[in-house]
Amino acid sequence: MIFYLKNFLIGSLIVSQLLHGNLKADSNWPSWRGSTGNGTAPDTSNPPKEWSEEKNILWKKKLEGLGHSTPVIWEDKIFLTSAVPFGKKTIPPVPDNAPGSHDNLPVSQSHQFHVICIDKKSGKIIWKTKCHESFPHEGGHKSGSLASASPVTDGKHLFAYFGSHGLFSIDCSTGKIIWKRDFGTMSTKHGHGEGSSPALKGNTLIINWDHEKQSAIYALNKLTGENLWKAERKEVTSWSSPLIVEVDNPSQVIISATDRIRGYDLNDGRIIWECSGMSNNVVASPVSENGKVYLGCSYDKRALIAINLNGAKGDITDTSHVMWSTNKRTPYVPSPLLYKGTLYYLSHYQGILSVTHAESGKTKSGPFRIDSLREIYSSPVAASNHIYITSREGLTIVISHEDEPKPIAFNKLEDSFSASAAIAGNYLFLRGENYLYCIGSEQEN
């Protein structure tokens, strides 16, 4: 039965005291899904649960250009990317002629591709680096951006990926470009743009280069940018980000895509296992815990698949390694959240939330229809037994993590949000189309 969460008044159900949080290196948010890759902040004790434009906003920073990439955080620095239009407009704009293109933005200006470093405490810009400038070959979907891939950092290096406009290794302290790579020009399905974020493990940086021409996965030496290996793929465009997991030694790179889900050996790019079952236009990225991986899609068909990675080899389609699957209310744009053995996922990109026991696939409660959240592109995040879901209309609902989740707060900001939230220390960072918000109960001294 659908349970309706509506007419909820902020403050009517919330009884909590937000505490002062100390800056800790173990509460970094180094990639778009955090240190776990699942959208969770395990070392955060008490992030904010209630805010508005007038309450618990420690600072907000006006942003130049547009980007849907999530900010990444290391200690006292926040890093984010943006595409900034400049120069004279082309009249009329250059149309997008990709096969099947629809709902796209024509290109009318050149763009600069920036990486910005912001002080976590004050919101002041520490440095800004222009990585590249060009006239984009496609504008992408009208709801997208030219800076949708989130960067990843190890605290010393920041890796900013702009797809067709290059990959850049940047010194976190100075903003100086260390090396750069040009992989060529992507031809995305329907000209809808690019958005897969890189993944990092040790000295290996992984790039998903799936598009309508020759697709590939690249493994690069993070220190030099040189190929460690490259594996060509029989795939069309996917927007999912690679996930690196440790199971059975060696580590595996898992990418969800149309033809196959595949697990690659991180050391040499060998395919360890593969499984069919996804739809076209795979956007949601996988999540993993305890040797299991969970993958979802919802375009021309719906699917959510749970796979046991232990001992998986070869084609595992229709084998016992597929623990369970469902075609109900599966995710399209937002990726699933995996938190303490529970999967939270949204139907397509709408406000219908499923809460499922990850290993069994059994429904824990709900599903819940959240009427106030109409269109959701950002992926849900979790910390301190609370779940955060943010819509493009500027609303964030906070719900409790328990067998029967309860609404804790509805929070409204005057911005539009497609980027996923980041949590570091006891602070929540929301990147809108106009501002970056730092949300917390009080400023660190």
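Me: Two strands count as paired when DSSP finds at least two bridges between them. How many bridges join S11 to S12?
Reply: In this predicted model, three bridges join S11 to strand S12 (residues 204–209), and these two strands run antiparallel.

Me: Which residue stands opposite Ile206 of S12?
Reply: Ile206 has Ala199 opposite.

Me: In what order do the four strands of the open sheet come?
Reply: The order is S11-S12-S13-S14, with antiparallel pairing. S11 and strand S14 (227–233) each have a single partner strand, so they stand at the edges and one side of each lacks a neighbour in the sheet.

Me: By how many degrees are neighbouring strands of this sheet turned against each other on average?
Reply: The average is 15 degrees, with direction ignored.

Me: Turning to pockets, what volume does the largest pocket have?
Reply: Its volume is about 790 Å³. The lining comprises 34 residues, of which Ser143, Trp239, Val283, Val333 and Tyr377 are the closest to the centre.

Me: How does that lining of the largest pocket divide into nonpolar, polar and charged?
Reply: There are 24 polar residues, nine nonpolar and one charged.

Me: And how much space lies in the second largest pocket?
Reply: About 610 Å³. Ser31, Gly34, Ser35, Gly37 and Leu200 are the closest to its centre among the 31 lining residues. By class, the lining has 13 nonpolar, 13 polar and five charged residues.

Me: Which strands each supply at least two residues of the lining of the second largest pocket?
Reply: These are strand S7 (152–153), strand S11 (199–201) and strand S15 (243–246). The largest share, four residues, comes from S15.

Key: Residues are numbered from 1 along each chain as its sequence is written. This is a predicted model: local features need pLDDT of at least 70, side-chain atom pairs count only at pLDDT 80 or more; totals for chains, interfaces and linings use all residues. Side-chain values use heavy atoms; hydrogens and water are left out. On a 1 Å grid over the protein atoms alone, a cavity is a set of points where a 1.4 Å probe fits but cannot get out, and a pocket is an open set with protein on both sides within 12 Å along at least five of seven lines; lining residues have an atom within 4 Å of a point. Grid points are joined across faces, edges and corners, and a volume is the space filled by probe spheres set on the points. Ala, Val, Leu, Ile, Met, Phe, Trp, Tyr, Cys and Pro count as nonpolar, Asp, Glu, Lys and Arg as charged, and the others, Gly among them, as polar. Axes are lines fitted to C-alpha atoms, for helices over the stretch in contact, and angles run from 0 to 180 degrees between N-to-C directions.
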